[in-house]
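Biologist: I have a model open and would like to learn how to read its features. Could you take me through them, general idea before particular case?

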Amino acid sequence: MRKYFSEDEQSCPCCGVNGLKPSFIKRLNQLRHNVGFALLMSSGYRCRNHNSDIGGAEDSSHILGRGGDLVVSRHKAFRVLEEAPKLGFTGIGLHQKG
């Protein structure tokens, strides 16, 4: 399957480790394909130190390699929310300003 997300997007910004599970990346790639527009990952894998430094939850899905924050604007967010559950994503959050 075509890879849409760069290694930098997937990896922890403090140590460079990419601990995202292959099954999670596969579903992210499928989500990107299904929505038909680019998705930017603002936070992928986080090591425990980085997660703690930014105030992340102790049991964060990012630490477990099954979490990623996507930047999606306006109406595109609704398309992501429509498609993500079809691929088995859970714990989906949405934060929009304006």
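Modeller: Gladly, and let's start with burial: a residue is buried under 20% relative accessible area, exposed over 50%, and partly exposed in between, using a 1.4 Å probe and protein chains only. Keep in mind that this is a predicted model, where local features need pLDDT of at least 70 and side-chain atom pairs count only at pLDDT 80 or more, while totals for chains, interfaces and linings use all residues. Residues are numbered from 1 along each chain as its sequence is written, and side-chain values use heavy atoms, with hydrogens and water left out.

Biologist: Then is Ser43 buried or exposed?

Modeller: Ser43 has 15% relative accessibility, so Ser43 counts as buried. Ser43 sits in strand β1, residues 40-43; helices (H or I, at least four residues) and strands (E, at least two) are DSSP runs, numbered from the N terminus.

Biologist: Which residues are in contact with Ser43, leaving aside its neighbours within four places in sequence?

Modeller: Contact means heavy atoms within 4.5 Å. By that rule, Ser43 is in contact with Glu9, His62, Gly67, Gly68 and Asp69. Look at Glu9 in particular: Ser43 and Glu9 are 34 residues apart along the chain, with their C-alpha atoms separated by 6.6 Å.

Biologist: How do I read the way helices α2 and α4 cross?

Modeller: Under 35 degrees counts as roughly parallel, over 145 as roughly antiparallel, 65 to 115 as roughly perpendicular, and the rest as oblique. Here the axes of α2 (residues 22-35) and α4 (residues 75-83) come within 10 Å and cross at roughly 125°, and α2 and α4 are therefore oblique to each other. For handedness, a crossing is left-handed if the near helix is turned anticlockwise from the far one by less than a right angle, and right-handed if clockwise. The crossing of α2 with α4 is right-handed.

Biologist: Which residues make the contact?

Modeller: From α2 come Leu31, Asn34 and Val35, and from α4 come Arg79, Val80 and Glu83. To sort them, count Ala, Val, Leu, Ile, Met, Phe, Trp, Tyr, Cys and Pro as nonpolar, Asp, Glu, Lys and Arg as charged, and the others, Gly among them, as polar. That gives 3 nonpolar, 1 polar and 2 charged residues.

Biologist: And what is a nonpolar core?

Modeller: The general idea is that nonpolar side chains tend to be buried together in soluble globular proteins. A nonpolar core is a set of buried Ala, Val, Leu, Ile, Met, Phe, Trp, Tyr and Cys residues joined through side-chain atoms within 4.5 Å. In this model the largest one has 18 residues, of which Leu28, Leu31, Leu39 and Val80 touch the most other members. The elements giving two or more residues to this core are α2 and α4, and α2 gives the most, with 5 residues. Beyond its neighbours within four places in sequence, Val80 is in contact with Leu31, Val35, Phe37, Leu39, Val72 and Pro85.

Biologist: What should I notice about the phi of Arg74?

Modeller: Most residues other than glycine have a negative phi. Arg74 has a phi near 45°, a positive value in a residue other than glycine. Arg74 lies in the loop between β2 and α4 and is exposed, with a relative accessible area of 66%.

Biologist: Where is Arg66 placed, and what does Arg66 touch?

Modeller: Arg66 is in the loop between α3 and β2 (69-71), and is partly exposed at 49% relative accessible area. Not counting residues up to four places away in sequence, Arg66 touches Leu20, Lys21, Phe24 and Ser61.

Definitions and conventions
Axes are lines fitted to C-alpha atoms, for helices over the stretch in contact, and angles run from 0 to 180 degrees between N-to-C directions.
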